[in-house]
2 protein chains.
Amino acid sequence: MSTSPAQNTPLRLGLAGLGTVGIGVVKIVQDHADVIAARTGRAVQITAVSARDRTRNRDADLSAYAWESDPTALARRDDVDVFVEVMGGHEGAAYDATLAAIAAGKDVVTANKALLAHHGQALALAAESAGRVIRFEAAVAGGIPVIKALTEGLAGNQIRRVMGVMNGTCNYILTRMQSAGLPYETVFEEARQLGYLEADPNLDVGGIDAGHKLSLLAAIAFGTQVAFDAVELEGIGAISIDDIRLAEDMGYKIKLLGVAQMSGRGLEQRMTPCLVPSTSPLGQLVGGTNMVVLEGDRVGQIVMRGAGAGAGPTASAVMGDVIDIARGLRLPTFGQAAATLRTPIPATSATAAAHYLRMTLLDKPGALAKIATALGEAGVSIDQMRQYSHEGSEATVLIVTHKATRADINAAVARFAPTGVMVGAPVVLRIEEV
Amino acid sequence: MSTSPAQNTPLRLGLAGLGTVGIGVVKIVQDHADVIAARTGRAVQITAVSARDRTRNRDADLSAYAWESDPTALARRDDVDVFVEVMGGHEGAAYDATLAAIAAGKDVVTANKALLAHHGQALALAAESAGRVIRFEAAVAGGIPVIKALTEGLAGNQIRRVMGVMNGTCNYILTRMQSAGLPYETVFEEARQLGYLEADPNLDVGGIDAGHKLSLLAAIAFGTQVAFDAVELEGIGAISIDDIRLAEDMGYKIKLLGVAQMSGRGLEQRMTPCLVPSTSPLGQLVGGTNMVVLEGDRVGQIVMRGAGAGAGPTASAVMGDVIDIARGLRLPTFGQAAATLRTPIPATSATAAAHYLRMTLLDKPGALAKIATALGEAGVSIDQMRQYSHEGSEATVLIVTHKATRADINAAVARFAPTGVMVGAPVVLRIEEV
């Protein structure tokens with residue numbers, strides 16, 4: 001049906017990057033040639049590949065493919081229709097090669113969240129003026145087809161909110177701390193030894209990687225230009241095993257949760273540790289699995305769960321995009337013409353929520369009253385307050401507030417130190433309604 | 001980008017059916033005209049509508065639309081590009097009008113699972129030879145974009161298995177029985193009074209509606225022609241509150257679960273009550289919510305959860321398909337050319353699984369041994385056996401088998417009656433590994 005002559009010729013891929021994901025792509029193309037041809041009505045082939053080290057043993061037969069040591073040269077090859085970028089990195093080679101591919105009239109499929117978080121608008125504009133597409137399902141939540149669900153399946157909705165646990169390493173660390181009762185530092189070291197952490201671990205535990213993903217979802221959801229710099233980022237390094245236990249006592253789990261929502265005040269994008277109800281799908285998510293929650297004004301809440309990383313899942317997402325292109329399914333990078341995407345007005349944590357505050361107080365008469373007064377003066381009212389039994393001269397106090405903005409919470413916290421009853425700084429976590 | 005002249009003109013819908021879903025579609029088209037135009041680059045309009053009763057008050061302004069009392073006349077109108085069928089029914093008007101729409105060169109968007117389960121192959125062939133598309137996201141699992149995920153997002157995978165809880169009414173009944181401790185008959189009557197049941201309740205509780213949906217997923221997943229007649233159907237009417245409690249004691253929940261999988265023996269399609277682990281996403285699903293689990297050889301397990309019915313969610317799915325058409329995204333009905341879909345070889349419950357057997361035995365010496373012997377003679381071995389304390393001359397016995405095919409289980413059950421120790425027939429439920 002509706003097959004133009006071009007659609008009966010093979011679709012030729014130039015694959016830049018031969019790490020686990022790249023080899024995962026090679027294996028799908030080789031193993032599933034028949035099923036892909038049945039589904040697209042044409043052959044999908046790799047014609048050329050590129051990586052840093054040609055001599056490395058890669059557990060796949062690459063002998064039929066031309067080799068380019070320079071990904072930009074790969075991107076410009078005449079025998080390449082689609083430039084598949086699974087190298088990573090948002091400056092230098094990946095950026096240059098992607099721009100070169102678009103300039104040479106190639107479509108682009110990328111797994112590179114950092115590249116798009118930093119240069120998404122420029123790349124989308126370039127692609128659209130050249131009549132080319134950039135697809136990036138693999139950049140967000142690995143194998144979960146969430147970009148497609150949001151951009152296409154839910155396109156009849158005003159999106160209310162997008163949420164997600166999109167960094168498997170952080171969720172592994174938090175759930176392992178909980179199940180094994182181990183402190184953050186120990187589990188962090190375990191994760192490092194298991195190879196779960198990026199070379200720069202702050203990309204994971206600092207929330208940066210997940211923040212990149214959130215910024216891409218927000219652009220699609222709200223028709224706004226990617227604004228990664230406006231994502232409020234907070235990592236999981238300050239979460240203690242005490243917080244995990246106290247939260248659990250109250251029926252919550254702590255997750256590094258991304259939330260994007262649009263209100264009259266602007267676009268709110270947060271990637272921060274939050275409390276979510278233990279019985280919710282997000283609360284039940286354990287280990288390295290990812291989950292994305294899409295909320296539309298008509299569809300209600302759609303929850304999608306699956307592997308957020310790994311060769312197979314990520315290559316599955318890459319190939320979903322490649323197959324779309326092979327089938328002639330083409331749409332703008334962020335679901336609407338890049339030139340029509342609005343510049344978002346950032347609204348940092350504008351939406352009110354209950355907050356969890358854990359603090360250590362000196363065991364003095366009136367200490368608790370001083371903290372309660374400070375909260376009251378900042379307009380924050382208290383829903384629950386618990387003081388835990390203690391030894392020595394310090395006490396752990398847990399406060400759950402009624403709904404308040406983060407600005408009000410911060411104003412209250414600023415009044416804590418002058419009371420002279422507080423030891424260190426309080427841990428402040430938002431309780432997200434999910 | 002890649003906009004042909006046709007894509008800058010409005011896309012004109014002819015809407016057949018003005019029940020809750022139809023009015024849901026009207027409201028999205030009216031309320032979200034701007035966002036849809038931004039996303040598609042063109043206007044999406046309703047030009048004409050059709051329903052049985054023009055005089056009914058419908059809580060929407062239809063005055064701008066032409067009225068056709070005959071959906072076939074609507075389907076043929078010159079000012080209609082897409083025939084949107086939300087009437088229901090698989091014979092008569094819906095079928096005739098859909099064929100007429102295709103013959104008149106219209107694309108079709110339908111929410112009608114029964115129509116496609118019975119006539120999917122013929123309609124797909126007709127549409128594809130006319131160069132038209134039939135889209136049916138709304139026919140399966142309401143607002144969950146599962147057809148898109150399976151057909152497009154996971155197209156790089158060999159699909160291993162598709163599972164789903166896809167009839168919200170059955171899941172409501174089962175979870176309400178459990179939480180309230182009420183018998184099936186009472187909750188069934190509650191559901192009827194709440195308006196949750198179809199006019200013919202057997203469509204729900206007999207598994208037919210959910211079986212229709214499963215047969216559509218199987219066609220896409222395995223590249224086979226829709227084979228609803230080969231779906232092994234078993235409703236929930238025989239599930240007692242005892243079964244629910246006993247299953248829960250062992251860490252399971254009972255769900256009306258659809259499973260489709262392909263093996264060397266052929267295509268297995270089951271829509272039957274099954275036990276699933278209480279801690280699994282399927283086990284945790286309560287109330288009328290739907291869940292579909294897609295398993296691919298590369299992506300692993302993708303779980304999607306959302307509202308399976310209702311005006312908003314179903315209209316969201318309809319509009320997702322309409323917006324695809326407005327964007328020029330076109331693919332064959334079942335993801336590959338209908339002419340290439342294979343005729344499936346049905347393999348009824350060929351995959352071995354543990355089974356749950358609940359039975360009532362006469363309290364005679366050796367009764368349990370006779371049942372155990374019957375199982376052994378049929379080649380079925382026992383994993384767990386429990387006899388529950390009892391009054392009078394009868395005892396409840398629960399057996400969990402090791403993995404066995406349903407044929408072997410049935411052979412064993414056929415040996416039970418001649419033992420003379422059994423009261424009534426046993427309840428046999430598969431324990432699905434999820």
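1. Domains 2 and 3 of chain A. In this predicted model, the centres of domain 2 of chain A and domain 3 of chain A, taken over C-alpha atoms, are separated by 26 Å. The contact between them draws 11 residues from domain 2 of chain A and seven residues from domain 3 of chain A. On the side of domain 2 of chain A that touches domain 3 of chain A, helix H11 (241-249), strand S9 (252-263) and strand S10 (266-277) of chain A are the elements giving two or more residues. That side of domain 2 of chain A divides into eight nonpolar, one polar and two charged residues. For orientation, the domain assignment of chain A places domain 1 at 5-139, domain 2 at 147-307 and domain 3 at 354-431.

2. Helix H11 in chain B. In chain B, helix H11 covers residues 241-249, and B:Asp243, B:Ile244, B:Leu246 and B:Ala247 in that helix are buried. Just after H11(B) comes B:Gly251, with a positive phi of about 90°.

3. The parallel sheet of chain A. Six strands of chain A make an open sheet with parallel pairing, in the order S3-S2-S1-S4-S5-S6. Strand S3 (66-68) and strand S6 (134-135) of chain A are the edge strands, each pairing on one side only.

4. Strand S4 and its neighbours. Strand S1 (residues 11-16) of chain A pairs with S4(A) in the parallel sense over four bridges, and A:Leu15 stands opposite A:Val84 in S4(A). Strand S4 (residues 82-85) of chain A also pairs with strand S5 (residues 107-110) of chain A, in the parallel sense and over four bridges. In this pairing, A:Val82 faces A:Asp107 in S5(A), while A:Glu85 stands opposite A:Thr110 in S5(A).

5. Side chains of strand S4. In a regular strand the side chains alternate between the two faces of the sheet. Which residues of S4(A) point one way and which the other way? A:Val82 and A:Val84 point one way, A:Phe83 and A:Glu85 the other way, and all are buried.

6. Helices H1 and H12 of chain A. Two packed helices are described by the angle between their axes and the distance between the axes. Helix H1 (residues 20-31) of chain A packs on H12(A) at an angle of about 60°, with the axes 8 Å apart. The crossing of H1(A) and H12(A) is right-handed. H1(A) contributes A:Thr20, A:Val21, A:Ile23, A:Gly24, A:Val25 and A:Ile28 to the contact, and H12(A) contributes A:Ala311, A:Gly312, A:Thr314, A:Ala315, A:Val318 and A:Met319. By class, the contact of H1(A) with H12(A) has eight nonpolar, four polar and no charged residues.

7. The contact between chains A and B. How many residues does the contact take from chain A and from chain B? Chain A gives 55 residues and chain B gives 55 residues. Helix H2 (33-40), helix H6 (146-153), strand S12 (300-307) and helix H12 (311-326) of chain A each supply at least two residues of the side of chain A that touches chain B. That side of chain A comprises 24 nonpolar, 21 polar and 10 charged residues.

8. Strand S12 across the two chains. S12(A) and strand S12 (residues 300-307) of chain B run antiparallel and are joined by three bridges. The bridge partner of A:Val303 in S12(B) is B:Arg305.

Terms used
Residues are numbered from 1 along each chain as its sequence is written. Chains are lettered from A and ligands numbered from 1 in the order in which they are written. This is a predicted model: local features need pLDDT of at least 70, side-chain atom pairs count only at pLDDT 80 or more; totals for chains, interfaces and linings use all residues. Two strands pair if DSSP finds at least two bridges between them. Two residues are in contact if their C-beta atoms, placed from the backbone, lie within 7 Å. Ala, Val, Leu, Ile, Met, Phe, Trp, Tyr, Cys and Pro count as nonpolar, Asp, Glu, Lys and Arg as charged, and the others, Gly among them, as polar. Axes are lines fitted to C-alpha atoms, for helices over the stretch in contact, and angles run from 0 to 180 degrees between N-to-C directions. A crossing is left-handed if the near helix is turned anticlockwise from the far one by less than a right angle, and right-handed if clockwise. A residue is buried if 20 or more other C-beta atoms lie within 10 Å of its own, exposed if 12 or fewer, and partly exposed in between; C-beta atoms are placed from the backbone. Domain bounds come from an automatic or database domain assignment.
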